[in-house]
Amino acid sequence: MRLKTSLLKEPKHILAMMSISHKELVSCVGWTTADELYSCSEDHQILKWNLLTNETSLIVKLPEDIFPIDLHWFPKTLVGKKQTQAEIFVLTSTDGKFHLVSKIGRIEKSVEAHKGAVLAGRWNYDGTALITAGEDGQIKIWSKSGMLRSTLASQGSSVYSVAWGPDSDRILYTSGRQLVIKPLQPSAKVIQWKAHDGVVLKVDWNSVNDLILSGGEDCKYKVWDSFGRLLYSSSSHDYPVTSLSWAPDGEVFAVGSFNTLRLCDKTGWSYALEKPNTGSVFTLAWSADGTQLAGACGNGHVIFAHVVEQHWEWKNFVITLTKRRTMQVRNVMNDAVDVLEFRDRVIKASLAYGHLVVATSLQCYVYNSRNWNTPLIFDLKEGTVSLILQAEKHFLLVDGAGLYTFSYEGRLISSPKFPGMRADILNAQGVSLSNDTIAIRDKSDEKVVLLFDALTGKALGDGKPLTHKLEVVEIALDQCGPSTERKIALIDKNRDLYLTSVRHLGREPKISKIGSMVHSMAWNDTANILCGIQDNQFTVWYYPSTVFTDKELLPKTLYIKDGSEFSRAPHILSYVGTKVTLRQGDGSLVYSSVPPYPALLHEYSTSARWEDALRLCRFAKDQSLWACLAGMAMANRELTTAEMAYAAIGELPRVQYINFIKEQPSKESSLAHMLMFSGQGQEAEATLLQAGLIYQAIQVNVDLFNWERALELAVKHKTHVDTVLAYREKFLQKFGRKETNKRFLQYAEGVEVDWEKIQAKIEMELAKEREKAANASVRSSMAPRR
């Protein structure tokens with residue numbers, strides 16, 4: 001990926017004789033649309049640049065005493081009621097004023113704001129407030145019409161740059177070498193830290209990824225999280241960093257200094273370095289769709305750049321964006337090359353599951369990898385697509401207005417909505433798509449994950465979202481298997497990895513921890529296998545669902561690779577087939593392969609080919625495969641296979657217990673003991689009570705030493721009180737203890753314990769159960785004959 005730049009100083013104009021350009025340094029630039037830019041200069045001119053026609057026109061010549069410093073357009077996203085509001089921008093100047101200027105260049109209002117120059121002016125995301133920062137060290141908040149609301153901060157040094165937090169409830173500003181995050185609520189805690197070794201000149205805070213950028217006179221740029229933790233620091237460059245700006249989707253950012261323009265990934269490493277003849281770049285601004293970048297240059301130029309040479313990979317295809325409207329598809333198997341042409345410029349693209357989805361400024365193109373010549377094309381409403389997610393059967397588009405699920409035939413399937421939805425700040429970590437489910441992390445309460453049916457757009461189940469005990473950082477839905485068994489993996493703020501079921505009937509879902517210190521994760525595209533970067537290791541969970549059937553089996557189903565072959569902080573991009581693609585901390589791509597057997601095992605398990613599964617495990621001679629098979633067989637109640645698999649990994653107590661389950665006289669008892677095996681004691685008891693097997697339910701509680709519950713059942717059903725008391729007495733004698741429980745003492749007085757009678761009663765219960773089971777099987781075999 002790189003920037004293709006062009007410097008416009010003497011652009012073509014309608015009147016050929018009159019060439020319009022800036023004579024002095026350009027101090028600020030701002031986009032109105034994706035193809036139209038306004039620039040202001042110390043020559044007092046405001047120019048409009050149209051990139052479609054390559055024309056430049058003079059909007060207005062400002063009064064001689066106005067030297068502009070910063071320009072920011074009123075946010076467009078809110079244009080619903082009044083179109084006029086989007087036609088206005090704030091211009092700050094050296095005389096201590098800010099000016100509200102209309103699109104035609106008329107100064108609607110000038111406000112005395114600071115002593116000395118007003119160094120920055122920014123609208124918040126919904127346009128309800130304006131913040132200004134001055135040489136006098138003050139930061140002030142103003143209403144939309146320019147009335148002073150409050151002075152937020154006052155310090156001894158100039159505030160060079162200021163930015164709003166993602167929810168417009170916090171402010172980030174510079175204070176010498178320090179950065180300060182100050183919430184608008186007066187009582188909230190202020191975060192302040194030393195950021196650079198020289199004065200901090202520029203900051204930016206992205207609303208999608210919640211990351212902060214800073215650049216300073218120490219010639220470095222740095223990336224921080226919103227708690228002030230350093231995520232990346234560049235080496236010291238030749239010149240101070242005079243400008244930087246996040247792309248709207250938060251995937252890349254641009255950095256400008258003297259004769260230098262860089263394009264960097266959100267994790268900090270640099271994609272490309274351009275050395276244009278610009279002087280210092282004082283301001284950088286991205287267009288709303290994130291495809292174009294403009295810079296205000298110290299030598300009177302305005303520099304324009306657009307992103308090209310982006311790459312997408314899937315199996316044997318590599319796709320490259322060669323020009324802004326052209327893609328090249330290369331099949332690496334036979335070196336066949338196809339060129340895809342688009343009517344408008346490409347904004348976003350995604351390649352997975354045999355389909356390429358490309359969103360241009362007005363349309364969406366869907367290509368099938370088997371045929372690159374005839375795409376399916378449909379029009380887009382909003383235009384600026386910020387995210388594309390793909391599943392096997394459909395894909396999800398996110399734009400400023402909402403989320404839309406489309407089939408690969410271009411049919412709109414659903415459009416989930418929820419209160420307080422802000423589609424413009426959704427990112428790939430906070431949204432996940434599978435064939436039947438959409439999961440979205442709630443931005444207003446990050447402990448909550450909202451779940452929707454992908455086919456209807458309605459909330460799943462009873463409409464209650466999934467709530468975790470901590471803030472969730474990343475979510476991912478598994479891609480295979482029936483919708484009833486859909487699982488979601490989530491990483492929380494402590495970097496613990498949890499797994500839970502998406503569809504749960506009535507019960508609270510069980511959220512089980514399966515890993516800690518996990519920094520990145522991805523599900524496989526063809527089997528429910530999960531991989532992740534865990535601490536400094538690369539870990540693959542061959543069968544994560546085993547945590548619900550046999551928790552102690554989970555560590556045995558892991559495949560762990562030492563992380564020494566990766567550099568610092570790798571990030572998983574995709575897990576397709578047996579290949580995992582990772583992006584290292586320095587931006588290089590590395591590939592890691594995973595053995596193919598677990599995916600085969602998943603396939604055999606879903607199609608109930610247990611003989612083949614056993615054969616595969618015997619062939620591979622891998623303990624982790626046997627452990628997976630044991631978990632899968634238990635989950636599918638395939639006891640014979642489970643017994644063999646547990647025996648192969650030396651789990652003898654479990655083998656014995658499985659034999660005990662097999663010997664149970666009735667189906668209900670077997671089912672109850674299988675639930676017991678998975679640690680679901682309450683469900684086991686409920687199953688037995690429902691089948692009318694009271695003694696067995698009591699016995700289950702006795703086996704688990706749930707004495708109180710056993711006695712409660714016995715008393716409630718007026719049976720086997722003596723049995724419970726007898727077992728309790730035996731238990732206490734064994735440990736040489738005296739009875740202290742009042743309820744047991746109370747019943748012990750009135751009930752005599754006779755082991756012979758109890759044994760006879762138990763035998764009778766078991767005989768009754770056998771007879772009942774035999775009658776049921778006779779009835780079921782008679783039914784087909786009738």
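**Close-up views of salt bridges**

**Figure 1. The side chains of D436 and R503 form a salt bridge in this predicted model.** The N to O distance of the pair is 3.9 Å. Distant parts of the chain are linked here, as D436 and R503 are 67 residues apart. D436 lies in the loop between β41 (431–433) and β42 (437–441), while R503 lies in the loop between β47 (497–501) and β48 (512–515). Because its relative accessibility is 10%, under the 20% limit, D436 counts as buried. R503, with a relative accessible area of 26%, is partly exposed.

**Figure 2. K103 and E36 are joined by a salt bridge between their side chains.** The distance from N to O is 3.9 Å. K103, at 26% relative accessibility, counts as partly exposed.

**Figure 3. A salt bridge connects the side chains of D335 and R330.** The pair has an N to O distance of 3.1 Å. R330 counts as partly exposed because its relative accessibility is 34%. In general, oppositely charged side chains can pair when their charged atoms come close.

**Figure 4. Several residues are linked in a network of salt bridges.** The members of the network are D550, E552, K556, E651 and R654. In the whole structure, a search finds 33 salt bridges.

Key
Residues are numbered from 1 along each chain as its sequence is written. This is a predicted model: local features need pLDDT of at least 70, side-chain atom pairs count only at pLDDT 80 or more; totals for chains, interfaces and linings use all residues. Side-chain values use heavy atoms; hydrogens and water are left out. A salt bridge is a side-chain nitrogen of Lys or Arg within 4 Å of a carboxyl oxygen of Asp or Glu. Buried means under 20% relative accessible area, exposed over 50%, partly exposed in between (1.4 Å probe, protein chains only). Helices (H or I, at least four residues) and strands (E, at least two) are DSSP runs, numbered from the N terminus.
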